Amino acid sequence: SDHAFIVHDPKKNIFRIQAGLSRGLIYLNREEVIASEKLNAYDRIEMGESTFLFVPFCGESFQWEARRGC
């Protein structure tokens with residue numbers, strides 16, 4: 001099921017997380033995700049019994065070629 005969505009804004013070069021259609025709660029750094037929240041490198045995402053560490057593949061120090069996006 002769709003617990004959460006992570007999206008990339010190429011104009012601002014930021015990532016955001018938002019709750020999905022699932023009934024389960026999503027936590028970002030121990031705070032419930034109600035709307036859309038900005039993600040930073042090494043943020044902790046909790047879904048049910050699982051915990052994930054957000055590691056972006058691009059950021060201020062590195063970006064993929066402009067035509068491919070981040």
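Four strands form an open sheet in the order β4-β3-β6-β7, with antiparallel pairing. Its edge strands, β4 (31-32) and β7 (50-53), each pair on one side only. Pairing requires at least two DSSP bridges between two strands. The model is predicted: local features need pLDDT of at least 70, side-chain atom pairs count only at pLDDT 80 or more, and totals for chains, interfaces and linings use all residues. Residues are numbered from 1 along each chain as its sequence is written, and side-chain values use heavy atoms, with hydrogens and water left out.

Within the sheet, β3 and β6 run antiparallel and are joined by three bridges. Tyr 27 has Glu 46 in β6 as its bridge partner.

| Strand | Residues |
|---|---|
| β3 | 26-28 |
| β4 | 31-32 |
| β6 | 44-47 |
| β7 | 50-53 |

The protein has seven strands and zero helices. Both are DSSP runs numbered from the N terminus: strands are E, at least two residues, and helices are H or I, at least four.

One aromatic pair turns up in the whole structure. Phe 15 lies in β2 (residues 14-19) and Phe 54 in the segment after β7, 39 residues apart. Rings of Phe, Tyr and Trp (its six-membered ring) pair if their centres lie within 6.5 Å; planes under 30 degrees apart are stacked, over 60 edge-to-face, the rest tilted.

Both Phe 15 and Phe 54 are buried. Of the protein's 70 residues, 19% count as buried. Buried means under 20% relative accessible area, exposed over 50%, partly exposed in between (1.4 Å probe, protein chains only).
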